[in-house]
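Reader: I would like to learn how to read single features in a protein model. Could we go through a few of them slowly together?

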Amino acid sequence: MLTIIDYGVGNLRNVFMAFRRLGVEARVTSEAAEIRRAKALVLPGVGAFGDSIGNIRALGLEETILAAIGDGVPFLGICVGLQLLFEVSEEMGEHRGLGMLAGRVRRFPAGLTVPHMGWNQIHQTRPIPLWRGLPDGSYAYFVHSYYADPQDPSVVAATTDYGIDYASAVAKGNLYAIQFHPEKSQDVGERILRNFAIEAGLLESEQ
């Protein structure tokens with residue numbers, strides 16, 4: 001079963017319903033034991049990085065999440081769920097992240113309107129399972145004021161231009177994460193969630 005990690009942030013139901021519309025059996029939970037049994041994990045997120053990582057630690061979920069990723073459980077981070085995977089965020093002070101990926105989360109440069117909100121293009125930098133059947137340059141829906149700056153360029157799977165070219169998707173082994181909101185990105189978002197479910201063995205592959 002697909003497990004969506006509940007750590008007290010919004011947008012969980014929209015992500016849950018997006019998977020359910022695809023026919024994926026899913027649950028939302030903050031219980032470490034259920035997260036450990038998950039066949040695939042999704043870490044969504046909206047709001048401030050510091051509050052988000054603080055909630056994860058207060059619930060005692062940090063080690064559980066790290067262990068699941070380390071054990072090879074297919075994992076999808078969404079929006080703040082991407083940013084939390086990095087070592088440090090500069091949002092409203094400096095906050096230590098989960099540290100699965102080397103790099104920092106930075107604010108968009110001065111002069112750019114923040115948040116970066118609305119439709120923008122995903123420029124694929126390398127093939128990953130999430131992009132199957134998705135044309136390069138497809139549009140997705142974004143809402144964020146900070147972006148991830150990976151130390152290792154090889155983890156970048158897509159970039160987006162908003163005054164700067166920044167990493168809007170990353171991937172490493174069983175770990176995938178996207179800065180945009182697939183649940184708000186219509187057909188493009190549906191395709192990405194379907195591809196993740198297929199990769200995780202939760203839906204049959206399309207031939």
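Reader: Which backbone nitrogen lies 3.2 Å from a polar atom of the side chain of Ser-89?

Author: Keep in mind that this is a predicted model. The backbone nitrogen in question belongs to Glu-91, and the side chain of Ser-89 supplies the polar atom that lies 3.2 Å from it. Ser-89 itself is part of strand S5, which covers residues 86–89.

Reader: Is Ser-89 buried or exposed?

Author: Buried means under 20% relative accessible area, and Ser-89, at 0% relative accessibility, therefore counts as buried. Apart from neighbours within four places in sequence, Ser-89 is in contact with Phe-49, Glu-94, His-95 and Val-105.

Reader: How many aromatic pairs does a search of the whole structure find?

Author: The search finds 7 aromatic pairs. Because Trp-119 belongs to strand S8 (residues 116–121) and Tyr-141 to strand S10 (residues 139–144), the pair ties together parts that are 22 residues apart in sequence. Trp-119 has 40% relative accessibility and so counts as partly exposed. Elsewhere, Phe-108, Tyr-147, Tyr-162 and Tyr-166 form one aromatic cluster.

Reader: What covers the buried residues of H6?

Author: Helix H6 has 14 residues, 186–199, and spans 20 Å from its first C-alpha to its last, close to the 20 Å expected. Among its buried residues are Val-188, Ile-192 and Phe-196, and the cover over the buried residues of H6 includes strand S1, helix H1 and strand S10. Just after H6, Gly-201 takes a positive phi of about 80°.

Notes:
Residues are numbered from 1 along each chain as its sequence is written. This is a predicted model: local features need pLDDT of at least 70, side-chain atom pairs count only at pLDDT 80 or more; totals for chains, interfaces and linings use all residues. Side-chain values use heavy atoms; hydrogens and water are left out. Rings of Phe, Tyr and Trp (its six-membered ring) pair if their centres lie within 6.5 Å; planes under 30 degrees apart count as stacked, over 60 as edge-to-face and the rest as tilted. Helices (H or I, at least four residues) and strands (E, at least two) are DSSP runs, numbered from the N terminus. Buried means under 20% relative accessible area, exposed over 50%, partly exposed in between (1.4 Å probe, protein chains only). A polar contact is a pair of N or O atoms within 3.5 Å; within protein, one must be able to donate a hydrogen and the other to accept it, and residues adjacent in sequence count only if both atoms are side-chain atoms. Contact means heavy atoms within 4.5 Å. The expected span of a helix is 1.5 Å times one less than its number of residues.
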